[in-house]
Amino acid sequence: MSQINQNYEKEFNRRKIYAALFILLVMFVAGTGLGFALAPKKTNDVSANKITAPHTAFLMELYEQIQANYWEKVDDDKLINLYKLALEKASGQPQTLNKPSRATLTELLRREIDKID
């Protein structure tokens, strides 16, 4: 009789372990699923106004990096003028900006790069 009780106890302990592992697995899967479902969605926008042309986006990223990391403070007007002069040199045509701003510079760069492509 004692051997039957020992076998029964071993089987019972084994089933408790399996049940505990199954419950832990269910909890892990449920937690992971809820985590993905409730997590805020990330956006990959680098800036507020998304630029679709890759060459223009690259040049405007350089613009932002120069403003952030250049050891001398460069105001927008000087940097926009520098970009305008570089564009004049590259295109061989004089460029005009009615109102020097980042948005007008972006539009000018996009328009001139589209002519090249």
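## E112, a glutamate in helix α4

Let's start with E112, which sits in helix α4 (helices here are DSSP runs of H or I with at least four residues, strands are runs of E with at least two, and both are numbered from the N terminus). With a relative accessibility of 6%, E112 counts as buried (buried means under 20% relative accessible area, exposed over 50%, partly exposed in between, with a 1.4 Å probe and protein chains only). Setting aside residues up to four places away in sequence, E112 touches L87, S91, Q93 and Q95 (contact means heavy atoms within 4.5 Å).

A word on what you are looking at: this is a predicted model, in which local features need pLDDT of at least 70 and side-chain atom pairs count only at pLDDT 80 or more, while totals for chains, interfaces and linings use all residues. Residues are numbered from 1 along each chain as its sequence is written, and side-chain values use heavy atoms, leaving out hydrogens and water.

## The overall layout

The protein has four helices and zero strands. Read from the N terminus, its elements run α-α-α-α. Of the 117 residues in the protein, 15% are buried.

How much of the contact set joins residues 24 or more positions apart? Among contacts with a separation of 6 or more, such residues account for 39%.

## Helix α3 beside helix α4

Two packed helices are described by the angle between their axes and the distance between the axes. For α3 and α4 (residues 102-116), the axes come within 11 Å and cross at roughly 10 degrees (axes are lines fitted to C-alpha atoms, for helices over the stretch in contact, and angles run from 0 to 180 degrees between N-to-C directions). The two helices are therefore roughly parallel to each other (angles under 35 degrees count as roughly parallel, over 145 as roughly antiparallel, 65 to 115 as roughly perpendicular and the rest as oblique).

On the α3 side, the contact is made by I80, Y83, L87 and S91, and on the α4 side by R102, L105, L108, L109 and E112. Sorted by class, this contact has six nonpolar, one polar and two charged residues (Ala, Val, Leu, Ile, Met, Phe, Trp, Tyr, Cys and Pro count as nonpolar, Asp, Glu, Lys and Arg as charged, and the others, Gly among them, as polar).

Helix α3 also holds K84. With a relative accessible area of 17%, K84 is buried. Beyond its neighbours within four places in sequence, K84 is in contact with Q95 and L97.

## Helix α2 against helix α3

Helix α2 (residues 54-69) and helix α3 (residues 76-91) have axes that come within 11 Å and cross at roughly 140 degrees. That makes α2 oblique to α3. From α2, L59, L62, Y63, I66 and Q67 make the contact, meeting D76, L79, I80 and Y83 of α3. By class, the contact of α2 with α3 has seven nonpolar, one polar and one charged residues.

Q67 of helix α2 counts as partly exposed, at 29% relative accessibility. Leaving out residues up to four places away in sequence, Q67 touches V74, D76 and L79. From C-alpha to C-alpha, Q67 and L79 are 8.4 Å apart in space, though twelve residues apart in sequence.

## A pair of tyrosines

How many aromatic pairs does a search of the whole structure find? It finds one (rings of Phe, Tyr and Trp, the last by its six-membered ring, pair if their centres lie within 6.5 Å; planes under 30 degrees apart count as stacked, over 60 as edge-to-face and the rest as tilted). The partners are Y63 and Y83, which pair edge-to-face at 5.7 Å centre to centre with 70 degrees between the planes. The pair links distant parts of the chain, with Y63 in helix α2 and Y83 in helix α3, 20 residues apart. Both tyrosines, Y63 and Y83, are buried.

## Helix α2 against helix α4

The axes of α2 and α4 come within 9 Å and cross at roughly 145 degrees. Here, too, is a handedness to note: α2 passes α4 in a right-handed crossing. H55, T56, L59, M60, Y63 and E64 of α2 make the contact with R102, L105, T106, L109, R110 and I113 of α4. These residues divide into six nonpolar, three polar and three charged.

P54 also lies in helix α2, and at 60% relative accessibility P54 counts as exposed. P54 and R110 are 56 residues apart in sequence and 9.5 Å apart in space, C-alpha to C-alpha.

Methods
Left-handed = near helix turned anticlockwise from the far one by under 90°.
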